[in-house]
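Subject: Structure for you to look at

Dear colleague,

I am passing on the structure below, together with some notes on what was found in it.

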Amino acid sequence: MNGPEENKREKEMEFEFEDARMQEFEQALSRAMHRVEVRAETTAKFLALAEEAERKRVRAGGGFRLIKFSNGGRVFAMPRPRAWMGGAIAAVLALGVFFGTHVHEQHEQHQRRVMAEQQFEAAERITDETLARTREQLQQRGINLEQ
Amino acid sequence: MRTEAAEFRGVVERHQRMVFSLALRVTGEYGTAEEVAQDVFLELFRSAEKLSGDDHVRFWLRKVTVHRATDALRRQAHRPESHAEEWMDDAAADGDLGPGVGTVLEARLEELLGSLPEQMRIAVVLRYQEEMLPDEIAKLLGQPVATVKSNLQRGLKLLRRKAEITMKEYVR
(Lines give C-alpha, C1' and ligand atoms only; values in the text may rest on other atoms or scores of the structure.)
Protein backbone atom coordinates (compact mmCIF):
# COMPACT_ATOMS: atom_id res chain seq x y z
CA MET A 1 0.00 0.00 0.00
CA ASN A 2 1.27 3.48 -0.92
CA GLY A 3 1.73 6.20 1.66
CA PRO A 4 0.30 9.73 1.17
CA GLU A 5 3.64 11.03 -0.13
CA GLU A 6 3.86 8.25 -2.72
CA ASN A 7 0.25 8.87 -3.81
CA LYS A 8 0.97 12.58 -4.21
CA ARG A 9 4.06 11.87 -6.28
CA GLU A 10 2.14 9.38 -8.41
CA LYS A 11 -0.55 11.98 -9.09
CA GLU A 12 2.07 14.59 -9.95
CA MET A 13 3.67 12.17 -12.41
CA GLU A 14 0.26 11.47 -13.92
CA PHE A 15 -0.33 15.21 -14.42
CA GLU A 16 3.12 15.66 -15.92
CA PHE A 17 2.51 12.75 -18.27
CA GLU A 18 -0.89 14.10 -19.22
CA ASP A 19 0.58 17.56 -19.75
CA ALA A 20 3.35 16.17 -21.97
CA ARG A 21 0.82 14.21 -24.03
CA MET A 22 -1.35 17.29 -24.45
CA GLN A 23 1.67 19.32 -25.54
CA GLU A 24 2.53 16.63 -28.05
CA PHE A 25 -1.04 16.69 -29.33
CA GLU A 26 -0.98 20.49 -29.60
CA GLN A 27 2.22 20.29 -31.63
CA ALA A 28 0.63 17.76 -33.99
CA LEU A 29 -2.37 20.04 -34.31
CA SER A 30 -0.20 23.07 -35.07
CA ARG A 31 1.57 21.10 -37.80
CA ALA A 32 -1.74 19.91 -39.22
CA MET A 33 -3.25 23.35 -39.27
CA HIS A 34 -0.90 25.15 -41.59
CA ARG A 35 -2.54 27.46 -44.08
CA VAL A 36 -3.93 25.70 -47.11
CA GLU A 37 -2.51 26.44 -50.55
CA VAL A 38 -5.11 28.11 -52.76
CA ARG A 39 -5.70 26.62 -56.18
CA ALA A 40 -4.72 28.82 -59.11
CA GLU A 41 -8.29 28.92 -60.45
CA THR A 42 -9.55 30.05 -57.03
CA THR A 43 -7.02 32.90 -57.01
CA ALA A 44 -8.13 33.81 -60.53
CA LYS A 45 -11.74 33.98 -59.31
CA PHE A 46 -10.80 36.36 -56.49
CA LEU A 47 -8.89 38.64 -58.84
CA ALA A 48 -11.57 38.56 -61.55
CA LEU A 49 -14.06 39.65 -58.92
CA ALA A 50 -11.92 42.65 -58.00
CA GLU A 51 -11.44 43.62 -61.62
CA GLU A 52 -15.17 43.41 -62.26
CA ALA A 53 -15.87 45.52 -59.19
CA GLU A 54 -13.30 48.09 -60.32
CA ARG A 55 -14.87 48.21 -63.81
CA LYS A 56 -18.32 48.78 -62.28
CA ARG A 57 -16.95 51.49 -60.03
CA VAL A 58 -15.27 53.28 -62.92
CA ARG A 59 -18.43 53.06 -65.03
CA ALA A 60 -20.46 54.45 -62.16
CA GLY A 61 -18.03 57.36 -61.90
CA GLY A 62 -16.89 56.66 -58.41
CA GLY A 63 -18.70 59.16 -56.23
CA PHE A 64 -17.63 60.81 -53.04
CA ARG A 65 -15.55 58.57 -50.85
CA LEU A 66 -15.04 58.78 -47.11
CA ILE A 67 -11.35 58.43 -46.36
CA LYS A 68 -10.35 57.63 -42.80
CA PHE A 69 -6.84 58.32 -41.65
CA SER A 70 -4.95 56.27 -39.11
CA ASN A 71 -4.97 59.24 -36.70
CA GLY A 72 -8.77 59.20 -36.69
CA GLY A 73 -9.26 62.06 -39.16
CA ARG A 74 -11.89 61.75 -41.88
CA VAL A 75 -12.35 63.55 -45.12
CA PHE A 76 -14.62 63.24 -48.14
CA ALA A 77 -12.63 62.76 -51.30
CA MET A 78 -13.87 64.10 -54.63
CA PRO A 79 -14.85 61.59 -57.28
CA ARG A 80 -12.27 60.96 -59.95
CA PRO A 81 -12.41 63.67 -62.70
CA ARG A 82 -14.49 62.73 -65.72
CA ALA A 83 -14.37 64.25 -69.22
CA TRP A 84 -17.72 66.07 -68.83
CA MET A 85 -16.84 67.46 -65.44
CA GLY A 86 -15.02 70.56 -66.81
CA GLY A 87 -18.07 71.64 -68.84
CA ALA A 88 -20.39 70.99 -65.93
CA ILE A 89 -18.27 73.05 -63.56
CA ALA A 90 -18.07 75.94 -66.11
CA ALA A 91 -21.87 75.86 -66.55
CA VAL A 92 -22.44 75.91 -62.79
CA LEU A 93 -20.04 78.84 -62.43
CA ALA A 94 -21.74 80.78 -65.29
CA LEU A 95 -25.16 80.20 -63.70
CA GLY A 96 -23.71 81.29 -60.37
CA VAL A 97 -22.41 84.55 -61.87
CA PHE A 98 -25.73 85.22 -63.64
CA PHE A 99 -27.87 84.63 -60.60
CA GLY A 100 -25.38 86.47 -58.40
CA THR A 101 -25.60 89.60 -60.60
CA HIS A 102 -29.37 89.34 -60.78
CA VAL A 103 -29.72 89.07 -57.03
CA HIS A 104 -27.32 91.97 -56.53
CA GLU A 105 -29.35 94.22 -58.89
CA GLN A 106 -32.58 93.32 -57.14
CA HIS A 107 -31.02 94.14 -53.80
CA GLU A 108 -29.83 97.56 -55.04
CA GLN A 109 -33.29 98.40 -56.46
CA HIS A 110 -34.88 97.53 -53.15
CA GLN A 111 -32.37 99.72 -51.30
CA ARG A 112 -33.11 102.65 -53.63
CA ARG A 113 -36.87 102.22 -53.13
CA VAL A 114 -36.52 102.16 -49.36
CA MET A 115 -34.34 105.29 -49.43
CA ALA A 116 -36.85 107.14 -51.67
CA GLU A 117 -39.69 106.21 -49.32
CA GLN A 118 -37.72 107.41 -46.32
CA GLN A 119 -36.91 110.71 -48.08
CA PHE A 120 -40.57 111.22 -49.04
CA GLU A 121 -41.72 110.55 -45.48
CA ALA A 122 -39.15 113.03 -44.14
CA ALA A 123 -40.23 115.71 -46.63
CA GLU A 124 -43.90 115.12 -45.78
CA ARG A 125 -43.17 115.45 -42.06
CA ILE A 126 -41.23 118.70 -42.58
CA THR A 127 -44.03 120.14 -44.72
CA ASP A 128 -46.66 119.23 -42.12
CA GLU A 129 -44.60 120.79 -39.34
CA THR A 130 -43.99 124.00 -41.33
CA LEU A 131 -47.67 124.24 -42.19
CA ALA A 132 -48.69 123.77 -38.56
CA ARG A 133 -46.19 126.40 -37.40
CA THR A 134 -47.43 128.95 -40.04
CA ARG A 135 -51.04 128.25 -39.03
CA GLU A 136 -50.17 128.89 -35.40
CA GLN A 137 -48.42 132.20 -36.21
CA LEU A 138 -51.37 133.39 -38.26
CA GLN A 139 -53.79 132.48 -35.45
CA GLN A 140 -51.69 134.53 -33.05
CA ARG A 141 -52.17 137.51 -35.40
CA GLY A 142 -55.87 136.96 -35.45
CA ILE A 143 -56.15 135.32 -38.82
CA ASN A 144 -57.99 132.08 -38.82
CA LEU A 145 -57.53 129.98 -41.97
CA GLU A 146 -60.34 127.65 -40.92
CA GLN A 147 -62.94 130.31 -41.40
CA MET B 1 -5.43 52.82 -48.88
CA ARG B 2 -6.45 53.11 -52.52
CA THR B 3 -8.73 50.67 -54.21
CA GLU B 4 -6.84 50.38 -57.47
CA ALA B 5 -7.13 46.91 -58.96
CA ALA B 6 -3.35 46.43 -59.04
CA GLU B 7 -3.01 47.24 -55.37
CA PHE B 8 -5.95 45.00 -54.56
CA ARG B 9 -4.29 42.18 -56.46
CA GLY B 10 -1.31 42.46 -54.11
CA VAL B 11 -3.54 42.32 -51.04
CA VAL B 12 -5.35 39.25 -52.38
CA GLU B 13 -2.08 37.49 -53.13
CA ARG B 14 -0.71 38.25 -49.66
CA HIS B 15 -3.77 37.18 -47.69
CA GLN B 16 -5.67 34.64 -49.78
CA ARG B 17 -4.19 31.60 -48.02
CA MET B 18 -5.15 32.96 -44.61
CA VAL B 19 -8.68 33.92 -45.68
CA PHE B 20 -9.31 30.72 -47.59
CA SER B 21 -7.87 28.44 -44.87
CA LEU B 22 -9.96 30.12 -42.17
CA ALA B 23 -13.09 29.85 -44.31
CA LEU B 24 -12.36 26.22 -45.18
CA ARG B 25 -11.71 25.13 -41.60
CA VAL B 26 -14.80 26.88 -40.26
CA THR B 27 -17.20 25.78 -43.01
CA GLY B 28 -15.58 22.41 -43.81
CA GLU B 29 -16.45 22.69 -47.52
CA TYR B 30 -14.16 23.75 -50.34
CA GLY B 31 -16.90 25.35 -52.47
CA THR B 32 -18.45 27.21 -49.54
CA ALA B 33 -15.01 28.38 -48.44
CA GLU B 34 -14.36 29.68 -51.94
CA GLU B 35 -17.65 31.62 -51.88
CA VAL B 36 -16.92 32.99 -48.43
CA ALA B 37 -13.43 34.10 -49.50
CA GLN B 38 -14.85 35.77 -52.61
CA ASP B 39 -17.40 37.66 -50.50
CA VAL B 40 -14.70 38.71 -48.08
CA PHE B 41 -12.41 40.02 -50.82
CA LEU B 42 -15.27 41.82 -52.52
CA GLU B 43 -16.15 43.49 -49.23
CA LEU B 44 -12.48 44.32 -48.73
CA PHE B 45 -12.47 45.97 -52.15
CA ARG B 46 -15.46 48.10 -51.14
CA SER B 47 -14.14 48.92 -47.67
CA ALA B 48 -10.47 49.30 -48.55
CA GLU B 49 -10.47 53.04 -47.91
CA LYS B 50 -11.50 52.51 -44.30
CA LEU B 51 -8.45 50.36 -43.65
CA SER B 52 -4.98 51.64 -42.97
CA GLY B 53 -1.90 49.45 -42.93
CA ASP B 54 -1.36 45.74 -43.36
CA ASP B 55 -2.04 44.87 -39.70
CA HIS B 56 -5.41 46.56 -39.89
CA VAL B 57 -6.20 44.75 -43.15
CA ARG B 58 -5.19 41.39 -41.61
CA PHE B 59 -7.31 41.96 -38.49
CA TRP B 60 -10.26 43.03 -40.64
CA LEU B 61 -9.89 40.04 -42.97
CA ARG B 62 -9.75 37.55 -40.10
CA LYS B 63 -12.78 39.09 -38.42
CA VAL B 64 -14.93 39.32 -41.54
CA THR B 65 -13.90 35.84 -42.71
CA VAL B 66 -14.85 34.26 -39.38
CA HIS B 67 -18.21 36.04 -39.40
CA ARG B 68 -18.97 35.19 -43.03
CA ALA B 69 -17.87 31.58 -42.58
CA THR B 70 -19.99 31.23 -39.44
CA ASP B 71 -23.01 32.60 -41.31
CA ALA B 72 -22.37 30.15 -44.17
CA LEU B 73 -22.03 27.29 -41.70
CA ARG B 74 -25.35 28.17 -40.09
CA ARG B 75 -27.03 28.35 -43.49
CA GLN B 76 -25.95 24.83 -44.31
CA ALA B 77 -28.83 22.51 -43.61
CA HIS B 78 -26.59 19.50 -43.20
CA ARG B 79 -23.41 19.01 -41.27
CA PRO B 80 -20.39 20.06 -43.28
CA GLU B 81 -18.90 17.25 -45.24
CA SER B 82 -15.22 17.31 -44.73
CA HIS B 83 -13.07 17.19 -47.81
CA ALA B 84 -9.91 17.29 -45.78
CA GLU B 85 -8.14 14.56 -47.73
CA GLU B 86 -8.91 16.31 -51.00
CA TRP B 87 -7.31 19.58 -50.07
CA MET B 88 -4.60 18.04 -47.96
CA ASP B 89 -3.54 16.19 -51.10
CA ASP B 90 -3.41 19.51 -52.92
CA ALA B 91 -1.27 21.02 -50.22
CA ALA B 92 1.05 18.02 -50.27
CA ALA B 93 1.32 18.23 -54.04
CA ASP B 94 2.36 21.85 -53.68
CA GLY B 95 5.17 20.75 -51.42
CA ASP B 96 3.73 22.81 -48.61
CA LEU B 97 4.08 20.18 -45.91
CA GLY B 98 7.12 20.00 -43.72
CA PRO B 99 9.29 16.91 -43.73
CA GLY B 100 8.10 14.02 -41.60
CA VAL B 101 4.58 15.34 -41.20
CA GLY B 102 2.02 12.61 -41.70
CA THR B 103 -0.59 13.82 -44.16
CA VAL B 104 -3.00 11.08 -43.09
CA LEU B 105 -2.81 12.19 -39.47
CA GLU B 106 -3.30 15.79 -40.52
CA ALA B 107 -6.26 14.96 -42.76
CA ARG B 108 -7.87 13.04 -39.90
CA LEU B 109 -7.32 15.94 -37.53
CA GLU B 110 -8.95 18.26 -40.06
CA GLU B 111 -11.95 15.95 -40.24
CA LEU B 112 -12.22 15.81 -36.47
CA LEU B 113 -11.95 19.59 -36.31
CA GLY B 114 -15.07 19.76 -38.46
CA SER B 115 -16.95 17.80 -35.83
CA LEU B 116 -16.26 20.33 -33.06
CA PRO B 117 -18.99 22.75 -31.98
CA GLU B 118 -18.81 26.05 -33.87
CA GLN B 119 -17.29 28.33 -31.20
CA MET B 120 -14.71 25.73 -30.13
CA ARG B 121 -13.75 25.13 -33.73
CA ILE B 122 -13.29 28.85 -34.41
CA ALA B 123 -11.15 29.31 -31.30
CA VAL B 124 -9.00 26.28 -32.18
CA VAL B 125 -8.54 27.41 -35.79
CA LEU B 126 -7.51 30.92 -34.78
CA ARG B 127 -5.15 29.57 -32.11
CA TYR B 128 -3.43 26.83 -34.11
CA GLN B 129 -3.71 28.01 -37.71
CA GLU B 130 -3.24 31.73 -37.14
CA GLU B 131 -1.13 31.27 -33.99
CA MET B 132 -3.15 33.95 -32.24
CA LEU B 133 -3.07 34.39 -28.46
CA PRO B 134 -6.32 34.02 -26.48
CA ASP B 135 -6.57 37.78 -25.85
CA GLU B 136 -6.11 38.48 -29.57
CA ILE B 137 -8.82 35.95 -30.38
CA ALA B 138 -11.08 37.54 -27.77
CA LYS B 139 -10.59 40.96 -29.35
CA LEU B 140 -11.29 39.59 -32.83
CA LEU B 141 -14.45 37.73 -31.80
CA GLY B 142 -15.65 40.36 -29.33
CA GLN B 143 -15.77 37.78 -26.55
CA PRO B 144 -14.36 37.76 -23.00
CA VAL B 145 -10.87 36.20 -22.78
CA ALA B 146 -12.20 33.65 -20.27
CA THR B 147 -14.77 32.43 -22.83
CA VAL B 148 -12.09 32.05 -25.48
CA LYS B 149 -9.78 30.17 -23.08
CA SER B 150 -12.62 27.88 -22.06
CA ASN B 151 -13.56 27.18 -25.69
CA LEU B 152 -9.93 26.48 -26.52
CA GLN B 153 -9.43 24.14 -23.58
CA ARG B 154 -12.66 22.25 -24.11
CA GLY B 155 -12.16 22.12 -27.87
CA LEU B 156 -8.67 20.76 -27.51
CA LYS B 157 -9.72 18.11 -25.00
CA LEU B 158 -12.66 17.05 -27.15
CA LEU B 159 -10.50 16.91 -30.24
CA ARG B 160 -7.90 14.81 -28.46
CA ARG B 161 -10.50 12.44 -27.06
CA LYS B 162 -11.97 11.95 -30.55
CA ALA B 163 -8.48 11.47 -31.96
CA GLU B 164 -7.67 8.85 -29.33
CA ILE B 165 -10.80 6.92 -30.20
CA THR B 166 -10.57 7.13 -33.99
CA MET B 167 -6.80 7.28 -34.55
CA LYS B 168 -5.31 4.86 -32.06
CA GLU B 169 -2.47 4.12 -34.42
CA TYR B 170 -1.37 7.77 -34.41
CA VAL B 171 -2.26 9.19 -31.00
CA ARG B 172 -0.78 7.80 -27.84
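Of the 172 residues that make up chain B, 38% count as buried. Please bear in mind from the outset that this is a predicted model, and that what follows is computed from it.

Chain B has eight helices and zero strands, and its pattern, read along the sequence, is accordingly α-α-α-α-α-α-α-α. If one takes the contacts in chain B between residues at least 6 apart in sequence, 69% of them join residues at least 24 apart. For chain A, the secondary structure comes to three helices and two strands, which run α-α-β-β-α from the N terminus on. Of its 147 residues, 6% count as buried.

Helix α2(B), covering residues 30–47, has 18 residues and reaches 25 Å from its first C-alpha to its last, which is close to the 26 Å expected at 1.5 Å a residue. Its buried residues are Y30(B), A33(B), E34(B), V36(B), A37(B), Q38(B), V40(B), F41(B), L44(B) and F45(B). Helix α3(B), with 22 residues, reaches 31 Å between its first and last C-alpha, again close to its expected value, here 32 Å at 1.5 Å a residue. In α3(B), the buried residues are L61(B), R62(B), T65(B), V66(B), R68(B), A69(B), A72(B) and L73(B).

How do these two helices meet? Helices α2(B) and α3(B), the latter covering residues 54–75, pack at an angle of about 135°, with their axes 9 Å apart, and that angle makes α2(B) oblique to α3(B). The crossing in which α2(B) passes α3(B) is right-handed. On the α2(B) side the contact is made by T32(B), V36(B), D39(B), V40(B), E43(B) and L44(B), and on the α3(B) side by L61(B), V64(B), T65(B), R68(B), A69(B) and A72(B). By type, the residues of this contact of α2(B) with α3(B) divide into seven nonpolar, two polar and three charged.

A second pairing involves helix α6(B), residues 118–128, and helix α8(B), residues 145–166, which pack at an angle of about 95° with their axes 8 Å apart. That angle makes α6(B) roughly perpendicular to α8(B). Here Q119(B), M120(B), R121(B), A123(B), V124(B) and R127(B) of α6(B) meet V148(B), N151(B), L152(B), R154(B), G155(B), L156(B), L158(B) and L159(B) of α8(B). The residues of the contact of α6(B) with α8(B) divide into eight nonpolar, three polar and three charged.

E131(B) is placed in the loop between α6 and α7 (134–141) of chain B, and its phi is near 55°, a positive value in a residue other than glycine. E131(B) is exposed, with 10 other C-beta atoms within 10 Å. A163(B), by contrast, is placed in helix α8 of chain B and is partly exposed, with 19 other C-beta atoms within 10 Å. The C-alpha atoms of A163(B) and L113(B) are separated by 9.8 Å, although the two residues are 50 residues apart along the chain.

Terms used:
Residues numbered from 1 in each chain as written. Chains lettered and ligands numbered in written order. Predicted model: local features only at pLDDT ≥ 70, side-chain atom pairs only at ≥ 80, totals over all residues. Helix = DSSP H or I, 4+ residues; strand = E, 2+ residues; numbered from the N terminus. Expected span 1.5 Å × (residues − 1). Buried ≥ 20, exposed ≤ 12 C-beta atoms within 10 Å, placed from the backbone. Axes fitted to C-alpha atoms, helices over the stretch in contact; angles between N-to-C directions. Parallel < 35°, antiparallel > 145°, perpendicular 65-115°, else oblique. Contact = placed C-beta atoms within 7 Å. Nonpolar A, V, L, I, M, F, W, Y, C, P; charged D, E, K, R; others polar. Left-handed = near helix turned anticlockwise from the far one by under 90°.
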